[in-house]
Amino acid sequence: MLDVPGDGAQPSEKGIIKSQLDLAAGLLLIVIALVGLYGTLGLRFGQLTSVGPALMPRSVAVLTGVFGMGLVVTSFLSAGPRLERWHWRGPFFVLGSVLLFAMTIRGSTLMFGSLKVVVPQLGLAIAGPLTVIFASLADRDTKPVELLIFTVFLTIVCVGMFKFMLRLPIPILPLGWGSF
Amino acid sequence: MDMLSSLGGGIADLAGNLGLGFGVALSLKNLGLCFLGCLIGTLIGVLPGVGPIATITMLLPITFGIDPVGALIMLAGIYYGAQYGGSTTAILVNIPGEATSVVTTLDGHQMAKQGRAGVALGISAIGSFFAGCVSTVIIAALATPLTKMALLFGPADYFSLMVLGLMFAVVLARGSVARAIAVILVGVLLSTVGTDLESGEERLTFGWSEISDGLDVAVLAMGLFGFAEILKNLETTQTRDVVHAAIGNLLPNRKDFRQSAAPILRGTFLGSLLGLLPGNGAVLGPFASYTLEKKLADDPSRFGKGAIEGVAGPESANNAGAQTAFIPLLTLGIPPNAVMALMVGAMTIHGIVPGPQIMTKQPQLFWGMIASMWLGNLMLLIINLPLIGLWVRFLKVPYRLMFPSIVLLCCIGIYSVANSPIDVFMTAAFGFFGYALLKFGLEPAPLLLGFVLGRLMEEKLRQALVIARGHMTTFVDCQPWLGTCAHPISTGLLVLSLIIVIVAVLPSISKSRDEVFQDAD
């Protein structure tokens with residue numbers, strides 16, 4: 001049985017941390033605030049008579065950090081919900097399939113340090129079904145035959161609609177396989 | 001006498017404007033687009049787990065080849081069509097198809113179990129149609145005076161108005177006020193990413209040239225709402241309790257009508273009013289209407305057991321609110337909720353700057369859109385009821401096939417906005433960010449609103465300060481004890497924002513606020 005978000009109402013009162021949820025949210029906000037401050041380093045803050053580029057982002061980042069710290073403090077003071085369990089299967093396959101699409105639709109060059117990986121262009125006709133099949137692995141109930149038939153159908157519909165009806169400039173076939 | 005003649009003139013203007021609008025909306029192409037929008041809207045409304053935000057983003061590229069008027073007519077149709085469709089799922093399956101149809105599940109599904117599904121669907125369609133007609137007239141009537149008022153607004157007033165809007169969003173968000181404010185701040189921070197327009201310096205780009213133009217609202221919305229929503233749905237096993245009994249007669253009988261007439265009127269009124277509020281007041285309409293009907297009823301214990309008033313009122317309210325939500329966008333250029341924020345994105349793609357100038361410079365767009373809303377409501381009434389059998393069949397498509405298709409359509413949509421694989425990549429990143437936000441109890445809807453308003457706010461803040469030579473008094477400057485008030489609009493708006501936040505954190509109010517959202521769970 002999966003955890004249902006929002007139903008984790010049992011307070012986690014054991015230990016000093018009374019609300020895991022507040023602590024996590026607070027820490028996330030603080031990290032965002034730090035990134036915001038780091039990203040505006042070296043930019044002029046300016047004053048009210050001449051506002052600089054850093055005024056808005058830096059003030060907002062500071063405020064975000066203040067709220068983050070507030071949440072961290074409350075997490076030690078008042079009891080709140082426990083942190084929900086993270087499920088990695090869903091994010092991995094769903095977001096992974098999106099990355100797969102991004103890499104293969106027009107081809108791409110990835111750099112891992114000094115290692116260069118060239119991903120060829122696959123086009124919608126191949127990248128599309130690849131995305132669908134990879135994404136569907138996120139669900140344990142996937143039935144292979146049903147999925148295969150459905151994928152073929154969906155790909156044909158997508159190519160027909162986006163390429164031939166709407167004439168979007170999206171590549172359909174791998175580079176050099178045809179004029180699409 | 002003077003007043004009478006100006007009123008007469010106003011009505012003549014209104015009639016003339018609506019005439020112009022219908023002229024535009026009744027062209028064969030625009031009628032077709034309106035129909036298509038309503039049809040798609042109903043479909044996504046019926047399907048739980050596919051919201052209007054993801055759909056509008058998905059379909060943005062489709063509208064590239066269409067002229068701006070047609071594109072906006074279609075996108076608007078998707079939005080209010082979804083409100084119609086959402087109730088079908090609520091009644092037949094006991095799952096809200098859309099966030100605004102949560103209340104309909106309470107009595108609507110009970111009616112369905114008693115074999116009165118048809119009547120529930122019928123009355124919700126009729127109520128929605130009535131609400132749609134009334135709110136179309138309200139939009140048309142309010143548009144001219146509000147636009148004139150908007151022209152009086154200086155940059156400082158705009159800034160304060162947006163602060164007010166964000167404060168409303170805070171109050172209307174679920175969960176704690178502090179969390180909502182923090183999420184909005186994150187949205188505003190994200191809006192500053194990219195090249196600063198005045199100094200030309202890059203902010204928060206970390207040397208990454210792909211985002212030097214700033215983040216795209218479609219990319220952010222798709223990540224936060226499209227993908228994060230799928231991830232959330234995959235973890236909650238929904239039991240689809242489809243009513244197997246016959247849907248039955250669709251037309252309510254005379255007694256049903258007598259019971260529903262007043263709730264429909266009250267719901268329409270409440271919904272229209274709340275929809276006007278900046279900060280997503282539209283979602284509150286159905287709750288407010290349900291609570292009101294329960295209070296007014298002779299026998300409140302009938303509610304929750306299939307009371308027709310509990311369907312008629314909220315259904316009218318949600319449709320009315322969905323439409324009046326267009327008013328702040330069209331007259332002031334300020335989107336009141338996440339869907340409207342996306343409409344701003346759509347308008348920008350088509351080279352339209354939302355705001356008071358739309359009405360004066362592009363009256364055919366403005367009035368065409370309004371006329372199309374009325375036509376759309378009529379179409380929804382006609383297409384919805386006979387097609388219910390078809391919608392039910394769509395409900396039987398299992399989620400295991402639906403979500404991979406949504407993923408693919410989202411990818412194609414985002415890729416096509418700018419023909420950029422990098423955008424698709426960023427959407428995935430924001431999808432993960434949205435998932436984390438949900439897991440940490442932070443709501444993504446206020447973030448998107450903060451993102452869209454953030455850019456405008458910074459611009460107006462800077463303009464206002466330049467005009468006032470750095471004096472903060474341009475925002476608040478009122479000494480009633482001296483009888484002077486140099487900036488009444490801005491001062492009033494900021495004071496109102498302050499009052500709202502204070503009221504929201506007051507213990508008694510925040511408790512009843514929790515109760516409202518508890519009903520939703």
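**Figure 1. Contacts within chain A.** Of the contacts in chain A between residues at least 6 apart in sequence, 69% join residues at least 24 apart. Two residues are in contact if their C-beta atoms, placed from the backbone, lie within 7 Å. The model is predicted: local features need pLDDT of at least 70 and side-chain atom pairs count only at pLDDT 80 or more, while totals for chains, interfaces and linings use all residues. Residues are numbered from 1 along each chain as its sequence is written, and chains are lettered from A and ligands numbered from 1 in the order in which they are written.

**Figure 2. Secondary structure and dimensions of chain A.** Chain A has five helices and four strands, arranged along the sequence as α-β-β-α-α-β-β-α-α. Helices (H or I, at least four residues) and strands (E, at least two) are DSSP runs, numbered from the N terminus. The radius of gyration of chain A is 24 Å, whereas a compact globule of 180 residues would have one near 16 Å; the radius is taken over C-alpha atoms, and the globule rule is 2.2 Å times the number of residues to the power 0.38. The C-alpha trace of chain A spans about 60 × 55 × 40 Å along its principal axes. Of the 180 residues in chain A, 36% are buried. A residue is buried if 20 or more other C-beta atoms lie within 10 Å of its own, exposed if 12 or fewer, and partly exposed in between, with C-beta atoms placed from the backbone.

**Figure 3. The contact between chain A and chain B.** Chain A contributes 61 residues and chain B contributes 58 residues. On the side of chain A that touches chain B, the elements giving two or more residues are α1 (20–39), α2 (55–77), α3 (89–104), α4 (124–136) and α5 (144–165) of chain A. The most come from α2(A), with ten residues. By class, this side of chain A has 40 nonpolar, 16 polar and five charged residues. Ala, Val, Leu, Ile, Met, Phe, Trp, Tyr, Cys and Pro count as nonpolar, Asp, Glu, Lys and Arg as charged, and the others, Gly among them, as polar.

**Figure 4. Helix α4 of chain B beside helix α17 of chain B.** The axes of α4(B) (residues 68–93) and α17(B) (residues 388–395) come within 11 Å and cross at roughly 70°. This makes α4(B) roughly perpendicular to α17(B), a term for angles of 65 to 115 degrees; angles under 35 degrees count as roughly parallel, over 145 as roughly antiparallel and the rest as oblique. Axes are lines fitted to C-alpha atoms, for helices over the stretch in contact, and angles run from 0 to 180 degrees between N-to-C directions. From α4(B), B:Thr88, B:Thr89, B:Leu92 and B:Val93 meet B:Ile388, B:Trp391, B:Val392 and B:Leu395 in α17(B). The residues of this contact are six nonpolar, two polar and no charged.

**Figure 5. Loop residues of chain B.** B:Gly306 lies in the loop between α11 (284–296) and α12 (309–324) of chain B. B:Gly306 is buried, with 20 other C-beta atoms within 10 Å. The C-alpha atoms of B:Gly306 and B:Gly108 are 6.2 Å apart, although 198 residues separate them along the chain. B:Asn419, in the loop between α18 (399–418) and α19 (421–439) of chain B, is not a glycine but has a positive phi near 50°.
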